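Student: Hi! Could you walk me through this protein? I'm new to reading structures.

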Amino acid sequence: MRDKPVQVRPWRLADMDFISNPRTLMDPRRTVFIGGVPRPTRASELAECLERLYGPVCYVGIDIDPELKYPKGAARVTFVTTQAFIAAINGRFVHVHHGESQKRVEIKPYVMDEQMCDHCEGKQCSSRYAPYFCGDVDCLQYYCESCWDRIHYRSGSRRSEHRPLVRMGDQTKVLPRPPHHSNRTTRNFGGSTQARHYSASLSI
């Protein structure tokens, strides 16, 4: 076997987290998920990049492979203000620099597990956890099945094209339509019938 040159990229576990101020209260509702981050990127570098574009960052966590102790290429970022969080969601993409290279990566809302519906607080769904999160800046809320339909498909609503985000294991997926709609593409909400055409689901 011939010798083959390899590239060594050092990584310190101390670089996996960035906290701007330990006294700052971190709101998980102001957190975004960024996939495809260059693996040698330090949390502080990502924080500096996003602060420059969107606003103050209070926390960055680089996801680490538990066995290899090396970055997976994904990160969670929490902003200090709602304005900065929404600016990042609207911006959608960011160029992350590392060394002499840069990579364009996508910014998405971070979907949490075991959240109650923000509208009925469990009253319309027997206190079950909300299965959907709407990542559109007009919503940015968790919904049970009943409240998703009531808010998104009521007569005159401009939210009918919003698509639900759901957690599936370690992944978050954008679905073409809510699963509780079964295979129907035409539904009646609030007295108005709306036909929809859906594409295949997209993975985040």
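This is a predicted model: local features need pLDDT of at least 70, side-chain atom pairs count only at pLDDT 80 or more; totals for chains, interfaces and linings use all residues.

Student: Let's zoom in on H1. Which of its residues are buried?

Tutor: H1 covers residues 43–53, and its buried residues are Ala43, Leu46, Ala47, Cys49 and Leu50. Looking down the helix axis, you'd see these buried residues fall within an arc of 165°, so they line one face of H1.

Student: Why would residues a few places apart point the same way?

Tutor: An α-helix has 3.6 residues a turn, so residues three or four places apart point the same way.

Student: Got it. Which residues are exposed on the other side of H1?

Tutor: Glu48 and Arg52 are exposed there.

Student: And what covers the buried residues of H1?

Tutor: The cover includes six strands you can look for: S1 (17–19), S2 (31–35), S3 (57–64), S4 (71–79), S5 (93–98) and S6 (101–109).

Student: What follows H1?

Tutor: Glycine 55 follows H1, and its phi is positive, near 140°.

Student: Where is aspartate 15?

Tutor: Aspartate 15 sits in the segment before S1. With 12% relative accessibility, aspartate 15 counts as buried. Apart from neighbours within four places in sequence, aspartate 15 is in contact with Arg42, Ala43 and Ile62. Ala43 is also one of the buried residues of H1.

Student: Changing topic: how many disulfides does the count come to?

Tutor: The count is zero. Take cysteine 144: its closest cysteine sulfur is in cysteine 147, 3.6 Å away, which is too far for a bond.

Student: Is cysteine 144 buried or exposed?

Tutor: Cysteine 144 is buried, with a relative accessible area of 1%. Cysteine 49, back in H1, is buried too, at 7%.

Student: Now salt bridges. How many are there?

Tutor: The count comes to eight. One of them joins arginine 76 and aspartate 63, whose closest N and O atoms are 3.0 Å apart. Arginine 76 lies in strand S4 and aspartate 63 in strand S3, so the pair ties together parts that are 13 residues apart in sequence.

Student: Which residue does aspartate 113 form a salt bridge with?

Tutor: Its partner is arginine 167, and the closest N and O atoms are 3.9 Å apart. Aspartate 113 lies in the loop between S6 and strand S7 (132–134), and arginine 167 in strand S9 (residues 164–168), so this pair ties together parts that are 54 residues apart in sequence. Aspartate 113 is partly exposed at 46%, and arginine 167 is partly exposed at 24%.

Student: Last one: which residues are linked in a network of salt bridges?

Tutor: Arg92, Glu106 and Lys108 make up that network.

Key: Residues are numbered from 1 along each chain as its sequence is written. Side-chain values use heavy atoms; hydrogens and water are left out. Buried means under 20% relative accessible area, exposed over 50%, partly exposed in between (1.4 Å probe, protein chains only). Helices (H or I, at least four residues) and strands (E, at least two) are DSSP runs, numbered from the N terminus. The arc is that of the directions from the helix axis to the C-beta atoms. Contact means heavy atoms within 4.5 Å. A disulfide is a pair of cysteine sulfur atoms within 2.5 Å. A salt bridge is a side-chain nitrogen of Lys or Arg within 4 Å of a carboxyl oxygen of Asp or Glu.
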